[in-house]
Amino acid sequence: MQQRIETALFPLLGQPLTDCWRPNGKGYEAIQRFEFGVQHSSTNSKGEEKTFGEYAMHVGCPWRIIGQGRILVAYIDLYFPADNPTESGGDEDFDSSAPGGSQSDRQAHHFVERLQEAPLFVESIQADEVGSVCFTFSRNYRLEILPMDSLPFEFWRMLHTGAVHKQQKHFVVTGQGIED
């Protein structure tokens, strides 16, 4: 499995990380999208003009971005309100499923702003036999994807975006291995 993952992710080597955000919609609340490569315009399924990276990963398991000697943003930050991150669950108005309101959303937004000023490029990719992946970027930053359960659900997927790649199958890793 390790070799198949590293082979599937090989096109990301040398690519810049260009975006990091959560899709809006029921069932996507805990999914984080990481985009790599040149951003291009495309029309989404709702007919809206959007920009997307050449490659994308949809991650539905724990993940974290490390840089500057600390965790900059992580999956668990989703469950803390952006305006008062030390209060988990204490704010009855806080809805972690609403994009933009969590500490994760806020930190990811700040991280992406910094990427526009100083891009990070994928320098290496290491996977393991259970679907974990570590991307090492320039300037010693890392994105770690860390599956944490034994269930048959999807951990993450890698896809190509744009009209040229719409017919390509997504590379999907689940608790049962690689989806064929």
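This is a predicted model: local features need pLDDT of at least 70, side-chain atom pairs count only at pLDDT 80 or more; totals for chains, interfaces and linings use all residues.

Residues are numbered from 1 along each chain as its sequence is written, and side-chain values use heavy atoms, leaving out hydrogens and water.

**Stop one: the core.** Select Leu9, Phe36, Met57, Phe135, Ile145 and Trp156, the residues with the most contacts inside the largest nonpolar core, which has 37 residues. (Such a core is a set of buried Ala, Val, Leu, Ile, Met, Phe, Trp, Tyr and Cys residues joined through side-chain atoms within 4.5 Å; buried means under 20% relative accessible area, with a 1.4 Å probe and protein chains only.)

**Stop two: the largest pocket.** Its volume is about 960 Å³. Pick Trp21, Pro23, Arg33, Phe52 and His58, the closest to its centre of the 35 lining residues. (On a 1 Å grid over the protein atoms alone, a pocket is an open set of points with protein on both sides within 12 Å along at least five of seven lines, a cavity is a set where a 1.4 Å probe fits but cannot get out, and lining residues have an atom within 4 Å of a point. A volume is the space filled by probe spheres set on the points, which are joined across faces, edges and corners.)

**Stop three: the second largest pocket.** About 170 Å³ lies here, and its lining includes Asp19, Arg22, His109 and Glu113.

**Last stop: the cavity.** Select Arg22 again, with Trp63, Tyr75 and Ser104, which are among the residues lining the largest cavity. It holds about 40 Å³ of space.

Note on methods:
Buried means under 20% relative accessible area, exposed over 50%, partly exposed in between (1.4 Å probe, protein chains only).
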